[in-house]
Amino acid sequence: MPGQNSEEYLPREKRRAVLIVNPLKVDVARLRSAVADEEQAGRWCPSVWLETSADDPGRDVARAALEHAPTVVIVVGGDGTVRAVTEVLHSSGTPVAVVPTGTGNLLARNLSLMGSIEASVHAAFTGSAHAIDVGVARLTHPDGRVGTHMFLVMTGVGLDARMANDTNSNLKKRIGWLAYTEPISRSVLGNEQFEMRYRVGDAAERTVLAHTVIVGNCGTLPAGILLLPDAEPDDGLLDVILLRPKGFWQWLRVAARLGIGGMLHHTEGGRVVLRAAPDLRAMQYVRDRTFTARFDEAQHIQLDGDSFGLVSAVSISLLPGALLVQRP
C-alpha cells in the first residue's frame, strides 16, 4: 500500500532490489559502492543488475526485472529511461525508485528526488512507496499507424516537441538543458503556429491557432520554471496549456509570467498574487481527465523529452495512481 515502508512487507533477508541502469549516464563504480553499503546496512539480498542499451531503452529489462520478484526496482537514468520502464511496471504493484542521471530529470525534480547518487540510493532502499498518476498517449501517425505510450511528466506539440526533435544530442550531453536555447530562439523568432481542433474532457470541440500545446502530469521545467502551476502528479487530472503569442512582445510577457510565477509559487502569499493576476490571452490553461487533438498538418510530438515523430491526432488520458514511486 502507498505510504508503507518496504521493510513491512518481507523479512530483511528476503528483500532484493533490481537495478535498471543506463550505463552511459552514471559513474557505475560509485553506484555499486552506494548499493553495497545499503545492502549491508539493511541486510538485503545482493541486488540484480540490468543495463539498458540502444536497442532496449528499458522495456525488455523491466520485464526481466519483474521475473526476480523485486522489493523495489531502481531506475538509474533520465526521464526517457524512467518512462520506458514505466510502460512495463505501471500497475504491477512494484515500487520504482529513481536515481536521476539524465539531462532534465524532470520527474525527479517534480517529486523532489534530486540529490547525490548516495542520497538517491539510500532513499531507494529505505523510503516508502507513494502512488502517482501515469499519462497515456494514443498517437495516430500520418501513415495511419497508431501507437500507445506512457508518460510521467509532460507531452507536447509545437515548440516543445521541436526542441526534443531538433536539439543536438551531443550538445545536450555537454551543457544539459541549455542546449535548447538555440531551437527556442529560432522558434520564437519565427513564431510558427499550427491549426488544431481539440477537445478537453466532454466539452465541445474547438479550433485554435497555437504555437505550442503541452499536456502535463507535472508542472515544473528545468531552471525552476513553473509551466503548469496547478499540476500535481497524484491528482487524477491532466493540466493543459495552450501558448499562442502573437509576436516578440507577447513572447516576452509569457516569459516574464513564467519566470515570476516560478518564484511566487513557493509561498502562500505569492500564490495569492498569482491567482489575482490577470490572464494572458497568449496563455490558456484548462484541466480535465482527457485531451484529444487533430491536426490538418502533421506535427511533431514529444513524451517526457523524447521525440515520437509526426502525428495527425493524439488522445491523452490518465491511469490514476498507477505507479508506485519510492520517496524518502
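## About the model

The structure is a predicted model, where local features need pLDDT of at least 70, side-chain atom pairs count only at pLDDT 80 or more, and totals for chains, interfaces and linings use all residues. Residues are numbered from 1 along each chain as its sequence is written, and side-chain values use heavy atoms, with hydrogens and water left out.

## The chain as a whole

Let's begin with the overall picture. The chain contains 10 helices and 14 strands; here helices (H or I, at least four residues) and strands (E, at least two) are DSSP runs, numbered from the N terminus. It has 328 residues, and 51% of them count as buried. Buried means under 20% relative accessible area, exposed means over 50%, and partly exposed is in between, using a 1.4 Å probe and protein chains only.

Contacts (heavy atoms within 4.5 Å) tell another part of the story. Among those between residues at least 6 apart in sequence, 72% join residues at least 24 apart.

## A covered helix

Just after helix 3 comes Ser91, with a positive phi of about 65°.

## Rings that meet

The structure holds three aromatic pairs. Rings of Phe, Tyr and Trp (its six-membered ring) pair if their centres lie within 6.5 Å; planes under 30 degrees apart count as stacked, over 60 as edge-to-face and the rest as tilted. One of the pairs is Phe194 with Phe295: the ring centres are 5.9 Å apart and the planes are at 70°, so this pair is edge-to-face. Because Phe194 lies in strand 8 (residues 194-200) and Phe295 in strand 13, the pair ties together parts 101 residues apart in sequence. Phe194 and Phe295 are both buried.

Tyr198 and Phe291 form a stacked pair, 6.0 Å centre to centre with 25° between the planes. Tyr198 is in strand 8 and Phe291 in strand 13, so this pair links parts 93 residues apart in sequence. Tyr198 and Phe291 are buried too.

A ring can also meet a charge. The charged end of Arg32 sits over the ring of Trp49, 4.0 Å from its centre; the rule is that NZ of Lys or CZ of Arg is within 6 Å of the ring centre and within 35 degrees of the ring normal.

## Positive phi in two loops

Ser112 is not a glycine, yet its phi is positive, near 55°. Where is Ser112 found? It is in the loop between helix 4 (106-110) and helix 5 (117-126), and it is exposed, with a relative accessible area of 61%.

Asp304 also has a positive phi without being a glycine, at about 50°. Its place is the loop between strand 13 (291-303) and strand 14 (306-327). Is Asp304 buried or exposed? At 8% relative accessibility, Asp304 counts as buried.

## Cysteines

A disulfide is a covalent bond between the sulfur atoms of two cysteines. The structure holds zero disulfides, judged by a pair of cysteine sulfur atoms within 2.5 Å. Cys45 is buried at 15% relative accessible area, and Cys218 is buried at 1%.
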